[in-house]
Amino acid sequence: MSDVLAQLEAVLAERKQAGKPDESYVAQLHHKGLNKILEKVGEEATETILAAKDAERSGLTDLLVCETADLWFHSLVMLSHLDCSAEDVLEELSRRFNLSGLEEKASRNN
């Protein structure tokens, strides 16, 4: 699974460095700045929530998967903009793997 993330991250880095907003959606987002990227993350998060509610009622998850992909994509653009990586997130998830959710949450309150 992480191969897809690594490949996507490489493309995002390339498009960020290209800096030609007229040739790339990702370059456009970077050119418009963090607030625009965050706006897209928020929009995709809302659409994901709505798709999850619809999936619960209908039992159909195709739209939920598509909206989650959009949310992940825009989250990766956000991380890239702030010079963070998917690997940073995966390492944090790995660190939490052997912790109970309650223990992990309590460690953040310190």
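## A buried glutamate without a partner

Glu67 is buried but forms no salt bridge. Its nearest side chain of opposite charge is Lys40, 8.6 Å away. Buried means under 20% relative accessible area, with exposed over 50% and partly exposed in between (1.4 Å probe, protein chains only). A salt bridge needs a side-chain nitrogen of Lys or Arg within 4 Å of a carboxyl oxygen of Asp or Glu.

This is a predicted model: local features need pLDDT of at least 70, side-chain atom pairs count only at pLDDT 80 or more, and totals for chains, interfaces and linings use all residues. Residues are numbered from 1 along each chain as its sequence is written, and side-chain values use heavy atoms, leaving out hydrogens and water.

Where does Glu67 lie? Glu67 sits in helix α4, residues 62–81. Helices are DSSP runs (H or I, at least four residues), and strands are too (E, at least two), numbered from the N terminus. Glu67 touches Glu44, Glu47, Thr48 and Ala51, not counting residues up to four places away in sequence. Contact means heavy atoms within 4.5 Å.

Now the whole chain. It has 6 helices and 0 strands. Buried residues make up 23% of its 110 residues. Among contacts between residues at least 6 apart in sequence, 56% join residues at least 24 apart.

Next, the charges. Lys and Arg count as positive, Asp and Glu as negative; His and the chain ends are not counted.

| Side chains | Count in the chain |
|---|---|
| Positive | 12 side chains |
| Negative | 21 side chains |

The centres of the two sets lie 5 Å apart, each charge being placed at NZ of Lys, CZ of Arg, CG of Asp or CD of Glu.
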